[in-house]
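Let's take a walk through a protein together, one stop at a time.

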Amino acid sequence: MKSSDKNKMKMYTRRATLVSAGMMLLSSALVGRMYYLQVTSRSKYELLAEENRISVRLLAPTRGDIVDRYGNPFATSTTDYRINVIPEETEGLQETLDAIGAYIPISERDNERIIRASKKQRSFLPINVANNLDWETFSKMNVNMPDLPGIQPDMGTTRFYPQRELGAHIIGYVGAVNEQELQNDSDPLLELPDFKIGKNGIERVLDDRLRGGAGNSQVEVNVLGRVIRELERQDPEPGNQARLTLDLEMQSFIAERLKDDTAGAVVMDIHTGEIHAIVSNPSFDPNDFNGGISQVKWDALRNDIRKPLVNKPVSGQYSPGSTFKMIVALAGLEDGIITAEDTKYCGYRYPFGDRVFHCWNKNGHGDINLVQALAQSCDVYFYRLARELGIDKIHAMAARFGIGERFNIGIMSEARGINPNGSWKFGMVGERWQGGDTINVGIGQGYVSTTALQLAVMTSRLANGGKMVYPKIYFDENNNTVPEDMGINPDHLDVVLKGMEDVYYHQRGTGFRYRLRNKDYKLGGKSGTTQVRGISAAERAAGVIDNEDLEWAKRDHGLFVAYGPTENPKYAVSVLLEHGGGGGFAAPVARDILEYVIDRDIERNQQTNQQPSMSGQPV
């Protein structure tokens, strides 16, 4: 062999050795890696594989019902028939949507939403097309599924308000979770698509209690995330029920009575404080908010001058007018400035400084005592009394009866009202209190303002003998709390209640024409009229324009508070008619409400005595 051939052989041998060594080294590395993965890290990767195979999905609970004192539902959950579409199972998503349009209308906005969602998510995941379908439509689509490739009928639950406008201001409504709510609440339920939480009213105040707890479903999925089967399931915990003191029947009666008015009314048990009814009219349908209210409906509600979204008996603040005179009367009696027999002269005009205050009666009432002044609502009597008392004594008595107090009964937007005095005016207006301010407050005008709820509390404390009862709207069958005695002289309360009874039953009472007839019981009440516009001296001289001749927004507010029966009273009522023309218009409304409530109690008691049962008793 030549020398050159020997060199080539050596070179090939060396290269073969290097390649073999490299292959052996690489093989060793692969074997080592396989050993690490399959032996050393086996448990770790088995767990990861299992996690990829199993997906845990949250299950939404059924929201708790909101019911009245007898268990009748104001808010409940109902079966939601809905249609989804799975893009990959369609022969063309738009074609399927067009076919669905033969059964349910799909707006252009929804069509765009579905197409947009199909481009963002994986094609086997469902996209919601429509909710809250009726059973007939849902059934038709199920039957015709072969003609609707890709649709997925589905059933769940959704919030439903069977009473619709009735009680909407108290019950509130639910809506979709927004970004801020998501950040402030760690509950994973809020991350579920289409999950709704309380947005207003009791739905919002008791949201945690009504919401319930999440369940979960462990499902096996393939590598693409498609569900193969359910492995394990833990059902969600339904939300708790909220039981209110409201009475659905009573609520319905009052709503019907007020249907033509912009108004509010409260009915309260004077001994327990339980609120049996709070009605605000006009109202709205909370079902409209479930899936997001349309812009058209929202604009209609927002721009309505009658303000249907405002809870008028609780959030609305109005001058109490002459319904405030009982406070001034009690302050005078308790302070010893007046007795029931003392009289004051009313000659229509009451000059003070450079102003002249007037009584509503152009002929004046002449010499008039306290009971007569309450029954006939003499303004000059209370101008004089208020001036003699001073604002601080009136303020103190008003505070004892709940004027200017927020009771926090557990609903939203409860207004405080204003129980003014010198400190309040200096702090809010920056001016000193004037004598004319006191005179105005003496007849419930000027700076004083109240809510219908406060007036119901005030009337309850008057009618129950001066017990510090507080309003409540959540039912508690174990609550036997006895209201604290306010320390008011019973004789003084009797004088005031006599004046209220004469409002209905004295011939000169402001509510005489609206008294109950042919009944075995009587009612007591007090009218109140609140001016919403100033009356000039020229207009007064020429004759004040009647409310009926004014546009609606310039008419006086009408208020009336009442209690009944006058013997062994049980209920207090406050009625507010916004721009209703005056307290005389509210008097028959309060009478009708009390008549309905008391007659129903009598009828139920008779039925109970004839055939003992639990009928009419709270569940």
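At what angle do H13 and helix H15 pack, and how far apart are their axes? This is a predicted model, and in it H13 and helix H15 (residues 379–389) pack at an angle of about 50°, with their axes 10 Å apart. Angles from 65 to 115 degrees count as roughly perpendicular, those under 35 as roughly parallel and those over 145 as roughly antiparallel, with the rest called oblique. H13 is therefore oblique to H15. The crossing in which H13 passes H15 is left-handed. On the H13 side, the contact is made by Lys325, Val328, Ala329, Ala331, Gly332 and Asp335, and on the H15 side by Asp379, Phe382, Leu385, Ala386 and Leu389. Sorted by kind, the residues of this contact of H13 with H15 are seven nonpolar, one polar and three charged.

Now turn to another partner of H13. Helix H13 (residues 325–335) also packs with helix H16 (residues 391–400), at an angle of about 110° and with their axes 9 Å apart. That angle makes H13 roughly perpendicular to H16. Here H13 passes H16 in a right-handed crossing. From H13, the residues making the contact are Ile327, Val328, Leu330, Ala331, Glu334 and Asp335, while H16 brings Lys393, Ile394, Met397 and Ala398. In the contact of H13 with H16 there are seven nonpolar residues, no polar ones and three charged ones.

The axes of H15 and helix H18 (residues 435–442) come within 8 Å and cross at roughly 130°. That makes H15 oblique to H18. This crossing of H15 and H18 is right-handed. Phe382, Tyr383, Ala386 and Arg387 in H15 meet Gly435, Thr438, Ile439 and Gly442 in H18. The contact of H15 with H18 divides into four nonpolar residues, three polar and one charged.

Next, look at the loop between helix H12 (312–315) and H13, where Thr323 is found. Is Thr323 buried or exposed? Thr323 counts as buried because its relative accessibility is 0%. Leaving aside its neighbours within four places in sequence, Thr323 is in contact with Leu455, Met458, Lys526, Ser527, Gly528, Leu559, Phe560 and Val561. Tyr318 also lies in the loop between H12 and H13. Tyr318 counts as buried, with a relative accessibility of 9%. Once neighbours within four places in sequence are set aside, the contacts of Tyr318 are Lys312, Ser449, Thr450, His557, Leu576 and Glu578. Although Tyr318 and Thr451 are 133 residues apart along the chain, their C-alpha atoms are separated by 6.3 Å.

Two of the contacts of Thr323, Leu455 and Met458, are among the buried residues of helix H19. Helix H19 is mostly covered: twelve of its twelve residues are buried. Just after H19, Gly465 takes a positive phi of about 85°.

For a contrast, visit the loop between helix H3 (93–100) and helix H4 (108–120), the place of Gly101. Gly101 counts as partly exposed, at 39% relative accessibility. The C-alpha atoms of Gly101 and Leu453 are separated by 50 Å, and the two residues are 352 apart along the chain.

Finally, some details of the backbone. A cis peptide bond, with omega about 0°, joins Asn281 and Pro282, and Pro282 sits in the loop between strand E12 (275–281) and helix H11 (295–303). The peptide bond from Gly564 to Pro565 is cis too, with omega near -10°. Pro565 belongs to the loop between strand E18 (557–564) and strand E19 (571–577). Ser377 is not a glycine, yet its phi is positive, near 55°. Ser377 lies in the loop between helix H14 (370–376) and H15, and with a relative accessible area of 5% Ser377 is buried. Asn518 is not a glycine either and has a positive phi of about 60°, but at 82% relative accessibility Asn518 counts as exposed.

Note on methods. Residues are numbered from 1 along each chain as its sequence is written. This is a predicted model: local features need pLDDT of at least 70, side-chain atom pairs count only at pLDDT 80 or more; totals for chains, interfaces and linings use all residues. Side-chain values use heavy atoms; hydrogens and water are left out. Buried means under 20% relative accessible area, exposed over 50%, partly exposed in between (1.4 Å probe, protein chains only). Helices (H or I, at least four residues) and strands (E, at least two) are DSSP runs, numbered from the N terminus. Axes are lines fitted to C-alpha atoms, for helices over the stretch in contact, and angles run from 0 to 180 degrees between N-to-C directions. A crossing is left-handed if the near helix is turned anticlockwise from the far one by less than a right angle, and right-handed if clockwise. Contact means heavy atoms within 4.5 Å. Ala, Val, Leu, Ile, Met, Phe, Trp, Tyr, Cys and Pro count as nonpolar, Asp, Glu, Lys and Arg as charged, and the others, Gly among them, as polar.
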